[in-house]
Amino acid sequence: MNAFLEIGTEHLPSRFVKPALAQMETLAKNLLAEYQIEYTNVSSFGTYRRLCVIIEGIAEKSADIQKEVKGPPAKLLKDADGKFTPQSAGFAQKNGIKPEKLIIQETDKGPFIFAKLNIKGTKTAKLLPEIFTKIITGIEFAKNMVWEESGLKWGRPIRSLIGLYGEKVVPFTVAGVKSNRFTYPLTAFGRKPIRVEKADKEYYVQLLKNQPQPILALPEDRREALIHSVITEAKARGYHADLDPDLIEETVYFTEHPVAVAGDFDLKFLTLPKKLITTVFKTQLKMFPMVDGHDEIQPYFIAVRDGVSTNQPEVRDGFKKVMSARLSDAVFFYENDKHESLDYFKNKLADRTFLEGMGTLLDKSNRTRELAMWLCDRLDEEGIKDSVTYAAGYVYADLASSVVYEFPELQGYMGGRYAELEGHAEEGHAMAQAYYPLSASSELPDNLMGAFVSLAGKVDTLAGNFIIGQIPTGSEDPYALRRAAYGVVRILLEKEINLSLQELLEKSFALYKVDNTDKAQDQLKEFLFQRLSQLFQQRGHAAGILEAVNDWYSMPLANIELLLGVLAKEKGSENFVAAAQSAKRVCNILKKADPSDGRVDEKLLTLDAEKELFAVITMTENRIAALSAGCQSEQDCKFTLSAFGKFAAPLAKFFADVMVNVEDAAVRTNRLALLWRVRELLTQGLVDISKL
């Protein structure tokens, strides 16, 4: 037997649909588990007007339950005359059994009265009204509406409900709407109800497909139909469709039967920058551009309507009028901007606040330029310094332009175009990529110039926000600081920039010329550590391994990754594991010891175990000292870490043969100094092997 729920709603925003369907599936599974009803499968599907969940192979009743209920202490079972006390009799009555059925059981608090209950399962048909109601009322939306007397808060008004158990209607009411077995066609094709006879997914999907105006209830069917339809229209004109994944996803959830409608537009609009055209198409019009084999935009569009119609020419003309109006607006804004210089836009930044108490956007622009110039000096990249200075100096200028005001997603890109118009093509390219990466996995700036500009801007934004205590908490991150931080560590690591986070942050905070930023720096350091740890995990390194690297903050990230790779190989070796365990023992011994400067008097080393341990300490210290620039290569890391494994045998012998807390104070102090030196090397130097 199957159970089926359909929630018929007014037009839900496309961004609401997929999360709502996922919640329906989760809620159904959780409720079935709560009510102890077995089933074969649960799946959700639907459109912006009908949200569905099907429960397949659902049991006819909930499971029988056997449980023990704890009652009063055992001494209250019977009175002195051997009769059941009021307490035990009342407990038995409450649980629906006779007092004679009560038992005594031992607990950690002594003997107590227990009632053993055998609870028969409830028929599924009786439970489904409550389950379906809880599924509906349990869905959460980004924004809600209230439209009727019960005050239910929901994404859009609910207009119909289907509840079926096999071929029978499940009776329930939500928001004043009673359940039945009727769904409805596409809005534009009347309100004659469609009768659903049974709870069967394949049947329901086919029933809607067979309507005079077909409805594709499955998202995967709509996606397939959409892509095929769009590609077909592009091919008919000898071109390719720009199948933007985000636009495909959005379109799937704002249609019930996507049908492509292609048309052309005036050639004059091709004078607009490519990304401006595609932004108008994708964000404002929800249309797909056509491109040739060189990815150049052609004067055609592909719009998508919901449902098939016989008046496609009129529909096409309607789309074309709307598109022409939007592109005309874009031309107006772009031409206005071209009459001004980047200097003009940059100066207007003086009237715009960056962060409360942190100056204007012009101040941010100047700090970004200074930090980018410092990066060139620090990394000996004088050859690109002039270009970096220009790009970083004007990277935020387009925020004052008309186009970016209308299309904020084009920030950076438009500045790059305006720089190109002023004869700075290379710098413009760097400016266009200044906000890269746009997501955790998207592309980085493709050259060092763009990387420096992006890095400087992101670090300045992070420093400013952390200085004023504007730090992301929970899921809240209105200024996308997590994305900025992830971008910083990705650029440093993947571009193999020979610079530590410590140097970068100290320079950025210094440019703010604010006193007492130590706390903000520490908070940002921890914030970046979390992003870096995530990045290393995504690149295949074990979770938590970065915590063992003491010097991560002062090392270039590419060097850290080399070290992590070697650590991963070394940490499983027998000697390394033994040394790590010994390191923990050393730390425990020294917790109660007085601090030591680690000075060891070799004359007091009389036992072989002491001498051997001191020899390994000296050898390891010399190895590390030889690497004055840190682990620059895998060989360097192996050279250092291989020494740590050599501590295993000497430490084992030391603990077996040497008594540390002897009466002779000088000998005791000398032996503790040995252990202080061991702890310094194994836990407080390059890595803390006790954390492995």
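**The largest pocket and a helix pair**

Visitor: Which helix gives the largest share of the lining of the largest pocket?

Guide: H7 does, with six residues. This is a predicted model, where local features need pLDDT of at least 70 and side-chain atom pairs pLDDT 80 or more, while totals for chains, interfaces and linings use all residues. Residues are numbered from 1 along each chain, and side-chain values use heavy atoms, without hydrogens and water.

Visitor: Which other helices supply at least two residues of that lining?

Guide: Besides H7 (274-285), they are H6 (245-252), H10 (361-378), H13 (413-421), H14 (425-432), H15 (448-467) and H16 (481-494). A helix here is a DSSP run of H or I with at least four residues.

Visitor: What makes a residue part of the lining, and which residues are closest to the pocket's centre?

Guide: A lining residue has an atom within 4 Å of a pocket point. The lining has 49 residues, and Lys275, Glu409, Gln411, Tyr435 and Leu438 are closest to the centre. By class, 21 are nonpolar, 14 polar and 14 charged.

Visitor: Why are H20 and H23 called oblique to each other?

Guide: H20 (574-590) and H23 (648-657) pack at about 45 degrees, with axes 8 Å apart. Angles under 35 degrees count as roughly parallel, over 145 as roughly antiparallel, 65 to 115 as roughly perpendicular and the rest as oblique. The pair is therefore oblique.

Visitor: Which residues make the contact between H20 and H23?

Guide: On H20 they are Asn575, Ala578, Ala579, Ser582, Arg585, Val586 and Ile589, and on H23 Ala648, Leu651 and Phe655; contact means heavy atoms within 4.5 Å. Seven of these residues are nonpolar, two polar and one charged; Asp, Glu, Lys and Arg count as charged, Ala, Val, Leu, Ile, Met, Phe, Trp, Tyr, Cys and Pro as nonpolar, and the others as polar.

Note on methods. Axes fitted to C-alpha atoms, helices over the stretch in contact; angles between N-to-C directions. 1 Å grid on protein atoms, 1.4 Å probe; cavity = no way out; pocket = protein on both sides within 12 Å on 5 of 7 lines; lining within 4 Å.
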